[in-house]
Amino acid sequence: MFKDYDVIVVGAGHAGCEAAAAAANLGSSVLLITMNMKNMAQMSCNPSMGGIAKGQIIREIDALGGLSGIVTDNTMIQFRMLNKSKGPAMWSPRAQSDRLKFSYFWRISLEKILNLDFLQDTVIGVTVKNDKISGVKTQFGYTINAKSVILTNGTFLNGKIYIGDKQFSGGRLGDNASFYLTQELNDLGFDSDKMKTGTPVRVDGRSLDFSKMTEQKGDEHPEKFSFTNTKPLSQQKSCYLVYTDHEIHDILRTGFDKSPMFTGRIKGVGPRYCPSIEDKIERFSTKDRHQLFIEPEGWETIEYYVNGFSSSLPDEIQYRALRKLKGFENAKFFSPGYAIEYDYFPPVQLKYTLETKIVENLYFAGQINGTTGYEEAAAQGLMAGINANLKLRNKKPFILRRSEAYIGVLIDDLITKSIDEPYRMFTSRAEHRILLRQDNADLRLTPMGYNLGLASKERFDRVSEKLDALKKIFRFLKKESIEPDSINSYLLKIKTMPIKQKVKIENLLLRPQVSIYDLIKHVDKLQNFIGKIDNNKKEILEEAEIYIKYRNYIQKEEEIAEKLEKYEDYILNENFDYKGLKSLSYEAREKLTKIKPRTIGQASRISGVSPADISVLLIHLRG
């Protein structure tokens with residue numbers, strides 16, 4: 001029934017969709033196997049994309065030629081640029097999405113890729129010959145051959161759902177769990193463990209009184225994720241804010257004795273940075289209230305998502321507590337919050353390409369690696385799909401460094417550090433975040449995506465045109481001057497020192513109070529040079545302003561990154577006998593043997609490997 005495929009992707013969540021699209025668009029014959037074709041790229045938890053550091057990841061995926069940014073732009077209902085009051089390294093785009101349209105748009109986008117096939121079935125095992133993947137086995141009894149397999153099983157591996165005393169198997173509410181595959185992988189020598197996550201209650205928006213809540217509108221001038229010509233929003237839907245209080249906390253506490261988290265029935269570790277409501281009350285007992293975001297699930301649906309109220313408490317306790325929220329007095333449930341426990345595989349068992357160390361041409365991507373979030377999963381899927389294709393063509397692997405992308409930080413953290421709780425990306429995890437801004441993702445990564453064959457010629461030309469435009473603006477601002485008489489009234493108005501003699505426009509733009517848009521309004525020669533400002537020009541002007549204002553910081557960070565990069569060029573043999581190098585500390589020998597770092601740089605980031613150990617390795621390498 002089935003031909004032999006280059007790549008089989010198991011699971012059609014965010015990781016699986018990006019993996020299948022990347023491998024197929026690069027020329028591989030791909031089969032995407034999913035348990036339910038109607039739920040591709042399902043937003044199982046919150047109906048949003050992006051956020052702190054996650055927005056940067058979506059822009060990086062888009063810059064490389066992935067699809068998450070395009071899908072988000074075509075299905076979002078609200079856009080906000082977070083952290084705009086902070087420096088540009090912290091600016092993070094976030095969108096509320098239409099959950100049903102998001103899944104549908106992903107599906108039709110994948111169906112347009114000619115060498116991508118689909119199968120609705122459950123993978124229950126893999127076939128391996130001579131430590132090399134050869135295909136998969138399915139619940140329907142099929143054995144399908146492939147040169148590479150990418151597992152993106154999400155929370156479905158032996159997934160178990162908890163609501164108070166109730167528990168039942170499931171990959172998410174309404175979908176079956178996936179069994180047998182974990183045991184097969186364990187038998188091949190892979191280590192697995194348990195993790196826990198949760199999702200909040202969904203409610204009927206018709207039963208809420210939004211007049212009692214604080215409205216949270218989108219940005220007045222909404223931006224977008226993709227660097228292509230997708231259209232920004234012309235209208236938006238609002239979210240709303242409400243707060244818990246002492247009475248609500250007391251009601252929730254009455255269910256603690258039935259919480260599977262507190263009674264020990266859940267063994268897996270939950271996400272530190274997205275705790276359940278009962279966990280918040282327990283851990284932050286001195287806090288009087290907790291903020292909740294009431295988020296619409298789409299343009300037309302009446303369903304709302306109560307962000308911040310994930311819970312494994314009995315549903316009747318959840319219901320009683322929710323009805324004490326302002327505006328929720330008559331609230332009706334669509335579905336209760338629940339916790340889900342599932343199997344994952346510690347990612348130290350992976351290479352930088354996300355290929356497993358034990359079985360050749362087998363890749364893991366997404367929550368199977370212990371990560372949280374659609375964005376982190378999508379990034380891993382993209383990289384696994386790219387590298388599966390490259391290896392089959394005997395091409396050099398595609399590996400992003402920590403100084404090149406948040407995606408590089410993500411993968412390096414996963415395979416270098418021990419993941420004992422669900423991993424979530426933050427800007428604080430990136431030591432070079434001033435270089436890894438959301439605004440310059442195309443400049444950093446689109447040339448790489450183009451060289452791979454994933455980003456189109458049109459994308460590459462847009463970046464080339466953007467660079468040319470930036471150079472012209474920099475030359476103009478550096479060359480042209482402003483007279484005191486033409487600008488001082490504006491400077492006094494914004495409470496910054498007037499100038500006493502003419503100065504270069506560039507120097508004036510260095511002042512934090514001065515924006516490039518205000519200068520365009522007040523300086524005729526600049527206004528004539530810039531001309532009419534459309535969306536593309538706005539993007540270029542923002543890039544120019546950021547670079548000029550933060551040039552010294554950017555250049556310093558580039559110098560630091562360049563110094564550190566030399567350690568990434570020292571390649572270590574994966575069969576190196578660390579235990580035989582007695583001058584290394586005992587802990588370093590154990591950790592290095594387990595992780596098998598690819599480079600000296602990676603070795604230096606392993607917990608327990610000291611600078612002295614790195615010196616020993618360098619001396620040994622230099623002979």
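Analyst: A contact here means heavy atoms within 4.5 Å of one another. Helices (H or I, at least four residues) and strands (E, at least two) are DSSP runs numbered from the N terminus. The model is predicted, so to speak of a local feature requires pLDDT of at least 70 and side-chain atom pairs count only at pLDDT 80 or more, while totals for chains, interfaces and linings use all residues. Residues are numbered from 1 along each chain as its sequence is written, and side-chain values use heavy atoms, with hydrogens and water left out.

User: At what angle do the axes of α10 and α11 cross?

Analyst: Two packed helices are described by the angle between their axes and the distance between the axes. Axes are lines fitted to C-alpha atoms, for helices over the stretch in contact, and angles run from 0 to 180 degrees between N-to-C directions. Helix α10 covers residues 374-392 and helix α11 covers residues 406-416; their axes cross at roughly 90° and come within 10 Å. That makes α10 roughly perpendicular to α11 (under 35 degrees is roughly parallel, over 145 roughly antiparallel, 65 to 115 roughly perpendicular, and the rest oblique).

User: Which residues of α10 and α11 meet?

Analyst: On the α10 side they are E376, A379, Q380 and M383, and on the α11 side they are I407, L410, I411 and L414.

User: How far apart are the axes of α2 and α3, and at what angle do these helices pack?

Analyst: The axes of helix α2 (residues 54-64) and helix α3 (residues 68-75) are 7 Å apart, and the packing angle is about 115°. The two helices are therefore roughly perpendicular to each other. From α2, the contact takes I58, I61 and D62; from α3, it takes S68, G69 and I70.

User: In what order do the strands of the open sheet with β3 and β4 stand?

Analyst: Strands of a sheet pair through backbone hydrogen bonds, either parallel or antiparallel. Two strands count as paired if DSSP finds at least two bridges between them. The open sheet has three strands in the order β3-β5-β4, and the pairing is antiparallel. Its edge strands, β3 (48-50) and β4 (76-82), each pair on one side only. Neighbouring strands of this sheet are turned by 20° against each other on average, direction ignored. Between β3 and strand β5 (residues 92-97), which run antiparallel, there are three bridges. In that pairing, S48 stands opposite Q96 in β5.

User: In which sense do β1 and β9 pair, and over how many bridges?

Analyst: Strand β1 (residues 5-10) and strand β9 (residues 143-151) are joined by five bridges in the parallel sense, and V9 stands opposite I150 in β9. Strand β9 is also joined by three bridges to strand β19 (residues 362-364), again running parallel; there V149 stands opposite L362 in β19. With strand β8 (residues 132-138), β9 pairs in the antiparallel sense over three bridges, and N145 in β9 is the bridge partner of G135. The hairpin of β8 and β9 has four residues between the strands, and G141 in it takes a positive phi near 95°.

User: Is N130 buried or exposed?

Analyst: Buried means under 20% relative accessible area, exposed means over 50%, and partly exposed lies in between (1.4 Å probe, protein chains only). N130 counts as exposed, at 79% relative accessibility. N130 sits in the loop between β7 (123-129) and β8, and its phi is near 55°, a positive value in a residue other than glycine.

User: Is N361 buried or exposed?

Analyst: N361 counts as buried, at 4% relative accessibility. The phi of N361 is near 70°, also positive in a residue other than glycine, and N361 lies in the loop between β18 (338-344) and β19.

User: Which residues of α9 are buried?

Analyst: In helix α9 (residues 315-322), I317, Q318, A321 and L322 are buried. Seen down the axis of α9, these buried residues fall within an arc of 125°, so they line one face of the helix; the arc is that of the directions from the helix axis to the C-beta atoms. Among the elements that cover the buried residues of α9 are β10 (160-163), β12 (193-204), α6 (246-253), β16 (303-310) and β17 (333-335).

User: Where is P222, and what does P222 touch?

Analyst: P222 is in the loop between β13 (214-216) and β14 (239-243). P222 is buried, with a relative accessible area of 14%. Not counting residues up to four places away in sequence, P222 touches F79, P232, L233 and Q236. P222 and M81 are 8.1 Å apart in space, C-alpha to C-alpha, and 141 residues apart in sequence.
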